[in-house]
Amino acid sequence: MQESLSRDVAQHPGEFIVFVTEAGAKQFLAKHRYDVERETNARIASRGVVGYWQGKTIVVLPWGALKNFQ
């Protein structure tokens, strides 16, 4: 599942805000708590999608998943 998300991020980088750790994503969500729509579907969240902000999808992709597409 992360492989598919990694491919999507590589093909459409302008549509995503990517974090390599959950801690970074959580910090972003806290900072923008009034503007972020959190992902509530457990199936989608399990793939690494944590929410949406200003038309972009916020995702957590560990460095290993990203380095293959850069």
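User: Two strands pair if DSSP finds at least two bridges between them. In this predicted model, which residue of E4 stands opposite Tyr52?

Analyst: Strand E3 spans residues 49-53 and strand E4 residues 56-60. These two strands are antiparallel partners, joined over 4 bridges. Within E4, the residue opposite Tyr52 is Thr57.

User: Which strands are the edge strands of the sheet?

Analyst: The sheet is open and has 4 strands with mixed pairing, in the order E1-E4-E3-E2. An edge strand here pairs on one side only. That applies to two strands, 16-19 and 37-38, which are E1 and E2.

User: Which element gives the most residues to the largest nonpolar core?

Analyst: This core has 9 residues, including Ile17, Phe28, Trp53 and Val60. The top contributor, with 3 residues, is H2.

User: How many residues are in the other core?

Analyst: The largest nonpolar core holds, among others, Phe19, Leu29 and Ile58. Apart from it lies another core, which includes Leu5, Val9, Val49 and Val59. The residue count of this other core is 6.

User: What is the phi of Gln54?

Analyst: Most residues other than glycine have a negative phi. Gln54 is not a glycine, yet its phi is positive. It sits in the loop between E3 and E4.

User: Is Gln54 buried or exposed?

Analyst: The relative accessible area of Gln54 is 63%. The cut-off is over 50%. Because its value is 63%, Gln54 is exposed.

Note on methods:
Residues numbered from 1 in each chain as written. Predicted model: local features only at pLDDT ≥ 70, side-chain atom pairs only at ≥ 80, totals over all residues. Heavy atoms only, no water. Core = buried A, V, L, I, M, F, W, Y, C linked by side-chain atoms within 4.5 Å. Buried < 20%, exposed > 50% of the residue type's maximum accessible area, 1.4 Å probe, protein only.
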